[in-house]
Amino acid sequence: YPINILDRVAGPVLHPVFSKYQDDRGMIFTYYLSILKIIFLLTIPFSAYMYCFSQEIILVLYGEKWIGTVSIFQLISLLIWVRITIASTTPIYQATGNTKKLFYSNLSSNIIIIGLICIGVYNQNIRLLCLLILIGYYISIMIHYFMLISKIFQESYMKLMSILKTP
């Protein structure tokens with residue numbers, strides 16, 4: 001998937017940059033907020049575009065027979081910015097020497113996501129399944145940022161939220 005490819009590219013590029021400052025968590029946090037701001041500026045509008053124009057995208061790419069998948073496509077489009085944002089956290093964990101916290105963040109996130117997938121599959125409803133996956137990833141981003149902001153950087157969530165206020 002393209003998002004997984006981005007993770008494989010971003011990690012090797014960002015890790016050496018952040019590793020230079022491994023003893024200066026404040027500097028890593030400042031740089032990461034700058035990168036995160038760019039990620040948000042690119043991915044949130046893209047996700048919104050995909051959501052708003054999902055019917056047109058489906059019609060152009062797949063034709064009228066697939067019109068029933070628009071609501072599913074809309075839910076999946078809301079995952080784009082979340083997946084890319086979560087992928088951007090891996091080099092931070094690595095550069096700060098917190099791979100154990102990365103493991104636990106991923107483990108707890110994946111347990112939740114897999115549990116929600118099982119519920120969706122059990123209910124045999126594809127829209128519910130997509131909604132539950134979406135919810136799982138939104139919980140996952142909260143887990144990752146709780147670990148990063150509170151435990152690794154020992155900063156306030158307000159600093160993270162401040163990047164959303166300014167263009």
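Predicted model: local features only at pLDDT ≥ 70, side-chain atom pairs only at ≥ 80, totals over all residues.
View 1. Ser109 lies within helix α7, which spans residues 99-122. With a relative accessible area of 2%, Ser109 is buried. Its side chain comes to 2.8 Å from the backbone oxygen of Ser105. When residues up to four places away in sequence are set aside, Ser109 is in contact with Ser140, Ile143 and His144.

**View 2. Packing of helices α3 and α4.** Two packed helices are described by the angle between their axes and by the distance separating those axes. For helix α3 (residues 54-62) and helix α4 (residues 70-77), the angle is about 115° and the axes are 9 Å apart. The crossing of α3 and α4 is right-handed. On the α3 side, the contact involves Ser54, Gln55, Ile57 and Ile58, which meet Val70, Phe73 and Gln74 of α4. Classified by residue type, this contact of α3 with α4 comprises four nonpolar and three polar residues, with no charged residues.

View 3. The closest cysteine sulfur to that of Cys118 belongs to Cys130, at 15 Å. A disulfide requires two cysteine sulfur atoms within 2.5 Å, and the sulfur of Cys118 is therefore too far from that of Cys130 for a bond. Cys130 likewise takes part in no disulfide, its nearest cysteine sulfur being that of Cys118. The count of disulfides is zero. Cys118 is partly exposed, with a relative accessible area of 47%, whereas Cys130 is buried, with a value of 9%.

Methods: Residues numbered from 1 in each chain as written. Heavy atoms only, no water. Helix = DSSP H or I, 4+ residues; strand = E, 2+ residues; numbered from the N terminus. Buried < 20%, exposed > 50% of the residue type's maximum accessible area, 1.4 Å probe, protein only. Polar contact = N/O pair within 3.5 Å; in protein donor to acceptor, adjacent residues only side chain to side chain. Contact = heavy atoms within 4.5 Å. Axes fitted to C-alpha atoms, helices over the stretch in contact; angles between N-to-C directions. Left-handed = near helix turned anticlockwise from the far one by under 90°. Nonpolar A, V, L, I, M, F, W, Y, C, P; charged D, E, K, R; others polar.
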